[in-house]
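Open the model in your viewer and keep the selection tool ready. We will go stop by stop, picking a residue each time and looking at what surrounds the pick.

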Amino acid sequence: ANFCQDIEYLANVEDTADHRVNAETSLTAAISSHVSLKSAFSWKRVNRPPAGFIKDDTTTSMALIINY
């Protein structure tokens, strides 16, 4: 199994209060020598979203990975 945590901070140089943060946590487990299953949780934050939108967005995903 493989655990991975990626975090990205995107700053706005013109307006320092307007920044974005992206984070993904994933776990990949081998099912066989060529097939793996990856489950991931993604979180995205916009500090100053447009009117009518929320600051946070989350996604949960599953992927079947085939390597040759």
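Select Y9. This residue lies in strand β1; strands (E, at least two residues) and helices (H or I, at least four) are DSSP runs, numbered from the N terminus. Is Y9 buried or exposed? Y9 counts as exposed, because its relative accessibility is 52% and the cut-off for exposed is over 50% (buried means under 20%, partly exposed in between, with a 1.4 Å probe and protein chains only).

Now show the contacts of Y9. A contact means heavy atoms within 4.5 Å. Leaving aside neighbours within four places in sequence, Y9 is in contact with H19, R20 and V21. Y9 and R45 are 36 residues apart in sequence, and their C-alpha atoms are 9.7 Å apart in space.

A word on the model before moving on. This is a predicted model, numbered from 1 along each chain as its sequence is written. Local features need pLDDT of at least 70, side-chain atom pairs count only at pLDDT 80 or more, totals for chains, interfaces and linings use all residues, and side-chain values use heavy atoms, with hydrogens and water left out.

Select V13. It lies in the loop between β1 and β2. V13 counts as exposed, because its relative accessibility is 78%. How far apart are the C-alpha atoms of V13 and N2? They are separated by 35 Å, although the two residues are 11 apart along the chain.

Stay in this loop and select D18. The loop runs between β1 (2-11) and β2 (19-30). Setting aside neighbours within four places in sequence, D18 is in contact with A11, N12 and R48. Zoom in on the side chains of D18 and N12. They make a polar contact at 3.2 Å. A polar contact is a pair of N or O atoms within 3.5 Å; within protein, one must be able to donate a hydrogen and the other to accept it, and residues adjacent in sequence count only if both atoms are side-chain atoms. Then look at R48. D18 and R48 are 30 residues apart in sequence, with 5.5 Å between their C-alpha atoms.

**Next stop: strand β3**

Select S36. It sits in strand β3 (residues 35-46). S36 is buried, because its relative accessible area is 12%. Which residues does S36 contact beyond its neighbours within four places in sequence? They are T28, A29, A30, I31, A63, L64, I65 and N67.

Move along to V46, also found in strand β3. V46 is buried too, because its relative accessible area is 18%. Not counting residues up to four places away in sequence, V46 touches H19, R20 and K55. Pick D57 next. V46 and D57 are 11 residues apart in sequence and 8.8 Å apart in space, C-alpha to C-alpha.

Select N47. This residue lies in the loop between β3 and β4 (56-66). Leaving out neighbours within four places in sequence, N47 is in contact with A17, H19 and K55. Show the backbone of A17. Its oxygen lies 2.3 Å from a polar atom of the N47 side chain.

**Last stop: zoom out**

Select the whole chain. How many helices and strands are there? The chain has zero helices and four strands. From the N terminus on, the elements run β-β-β-β.

Buried residues make up 13% of the 68 residues. Among contacts between residues at least 6 apart in sequence, 32% join residues at least 24 apart.

Finally, colour by charge. Lys and Arg count as positive, Asp and Glu as negative; His and the chain ends are not counted. Each charge is placed at NZ of Lys, CZ of Arg, CG of Asp or CD of Glu. The mean positions of the 6 positive and 8 negative charges are 3 Å apart.
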